[in-house]
Amino acid sequence: MLRRIAIIGASLAGLRAAEALRARGFDGELTLIGDEPHRPYDRPPLSKQVLQGVWEPEQTLFRRKDGYDALALDMRLGVRALSLDLRARRVTLADGTFTDYDRLIIATGARVRTLPSIAPRTGLLALRGLDDAIVLRRALMDAPRVAVVGAGFIGLEVAASCRARGLSVTVIEPLPVPFSPIFGRTFGEMIAAMHRDHGVDLRTGVAVTDVVGDSRVAGVAISDGSRIDADVVVVGIGVTPNTEWLEGSGLTLDNGIVCSGSGEAAPDVYAAGDVARIANRWHGDSPRIEHWTNAVEQAVCVAENALAGPEACTSFSSVPYFWSDQYDRKIQFIGRARPHDEMVIVDGSLEDRRLTALYRRGDRVVACLAVNQPRALIKYRKLIAAGASWGAVLSGTAVA
Amino acid sequence: MKVVVDLNICDLHGLCVESAPEVFEIGDDGALHILNEAPPESLRAKVAAAVRECPTGAISIEE
C-alpha cells in the first residue's frame, strides 16, 4: 500500500521529485522536509545574478507561495532530519516530530567544506545557500579587496562576479593549472588567462596556510610565504554530502548514499541529487555528481521508481551535463572526461575563447566542451549519448 | 497544448533541443526558435522533458 511518501531535502532534487510524483498521479500524503527556512530556490544564480546585484535573492525561488497549493505538500521548512529508522519507516526530525513513510526519497544535498583548523570569524565566508549569498553580497558592499580560496567553479564564478562589481580579487589555487584534472591543461590555462585578463590576481600552485585577522579577516597567508590582504575571504574548496544523520541507519554511506542503478538505497528508500551515488548506465560508474541537471534527472528517475516499485523500476542513464558562466563566456560540458583523455579542438580557438573540443578515450568520443558555442554541443551530445566512434565523429559520418 | 518560451531568460543551454527536437531549434542566428508552437499531444512527454530540463525555467506549457 502506497499512501505516504516523504522527501527529505527541499532543494532542487527534493522539489523536482515532489513535482514528478504528483505529475505521475500520486495523490497520497506527500511530505517535503527542508532544513533551511526558505522555500525551494535555485542555486546557480546565487554566484552570478544575486552576487552581482542584478537579481534580488527572492527571484531565485522556484515557485511563489501560492504555487505550492496544487502540489498539496505537507512542507515543513527550517527543520532538520535527525535520524532514519528503516524498520519503523520513520524519519525523526530536529523539532521532536517525525514523519512516517511508505516510500522515502532522500535529497539532503551537500554542504561546503571549510578550511581545516581555521576558526570562524567575520568576513570569512562561503557560498552555498541563499543565506550565504545574502551575507556575502552585503559583505562585498564594504569590501574593496576579496580573496577567493579555490579556483573551482564556485570560486571562479565568485571571482568574476566580484570583478563585475569592480572589486580587487585574488584567487588562490593549489593546482598549477585550474581544472586540469577535469578539462585538461590546455583548457585550464585558457580559463586562467581569461581571469587574469579580467584583472584577477590568480595565484596557482600555492595553498592557503592561514587566515589572518582576529575577530575579522585581514587576509590570508599562503604557502610561498606571502600574505594577501583582504576584507573578505570566500572559501570555495568543494562540498561534503549531508549523510551524518543517516549513520547507523543501515544505509551504505561512502562519500554519499550508495544506491543501485534505480536509485534505491534500501527497500522503499531512494536518494537523488548531490547526496546520492546512483550507478549511471551510460558510463557504468556511480560517482557523486553535484550538478543541476543531474539533480533534476535523478529526482525524476527515483520518483518514477518509487511509484513503480522494484519489479518495474528503470535504471538511471544520463549523459552528464554542466555549465559555468564567467564574464561573457558560457562554458558547457557534456559527458565524462578523465585526466588522460585526449582533447581535440574541432571548432573555434583558444585565442578567441570560443571553441568546441572533444575528448577521446580509445575509439570513443566521451565528452564535449563548448565555450560560447551552444549549437555544437547539441550536435555532439547526441553522438556522445549514442556512443559514436572517434573516427566517425571527426569525419562527420557519425549519425545520432 | 501551447508552448511558450520566455526568450528574455532563455540562456541557450540547448537541452530543450535535445529533449524535443521537433519543437525547438537553435538557428544559424544563434537564437532559440520554436518550430511548432502548438505541438500534437503525442509530443507532450518530450515537451514536458524540455520544460523540466531547462536550467532557467524559460519554457512553459499553456493548455
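In the predicted model, L104(A) has V269(A) of β20(A) as its bridge partner. The two strands concerned, β7 (residues 103-106) and β20 (residues 269-271) of chain A, are joined by 3 bridges and pair in the parallel sense. Both strands belong to an open sheet of 6 strands in chain A, ordered β3-β2-β1-β7-β20-β19, in which the pairing is mixed. At the edges of this sheet stand β3 (74-77) and β19 (264-266) of chain A, each of which pairs on one side only. From one strand to the next, the twist averages 20°.

Two helices of chain A contact this sheet. Helix α7(A) packs on the sheet and touches β1, β7, β19 and β20 of chain A, its direction making about 170° with that of β7(A). Helix α1(A) lies across β1 (4-8), β2 (29-34) and β7 of chain A, and runs at about 170° to β2(A).

The helices α1 (residues 12-23) and α7 (residues 292-308) of chain A also pack against each other, at an angle of about 40° and with their axes 8 Å apart. The angle makes α1(A) oblique to α7(A), and the crossing of the two helices is right-handed. On the α1(A) side, the contact is formed by L12(A), A13(A), R16(A), A17(A), A20(A) and L21(A), which meet residues of α7(A) including W292(A), A295(A), V296(A), A299(A), V300(A), A303(A) and L307(A). Classified by residue type, this contact comprises 13 nonpolar, 1 polar and 2 charged residues.

A further open sheet in chain A contains 3 strands in the order β4-β5-β6, with antiparallel pairing. Strand β4(A) is joined by 4 bridges to β5 (residues 90-93) of chain A, and the two run antiparallel. Within β5(A), L93(A) stands opposite A81(A).

At the level of domains, the assignment for chain A gives domain 1 (4-111 + 239-312), domain 2 (114-235) and domain 3 (328-394). The centres of domain 1 and domain 3 of chain A, taken over C-alpha atoms, are separated by 31 Å.

Chain A also contacts chain B, with 12 residues taken from chain A and 9 residues from chain B. On the chain B side, α1 (15-19) and α2 (44-53) each supply at least two residues. By class, this side of chain B has 4 nonpolar, 2 polar and 3 charged residues.

Methods:
Residues numbered from 1 in each chain as written. Chains lettered and ligands numbered in written order. Predicted model: local features only at pLDDT ≥ 70, side-chain atom pairs only at ≥ 80, totals over all residues. Axes fitted to C-alpha atoms, helices over the stretch in contact; angles between N-to-C directions. Parallel < 35°, antiparallel > 145°, perpendicular 65-115°, else oblique. Left-handed = near helix turned anticlockwise from the far one by under 90°. Contact = placed C-beta atoms within 7 Å. Nonpolar A, V, L, I, M, F, W, Y, C, P; charged D, E, K, R; others polar. Pairing = 2+ DSSP bridges. Domains from an automatic or database assignment.
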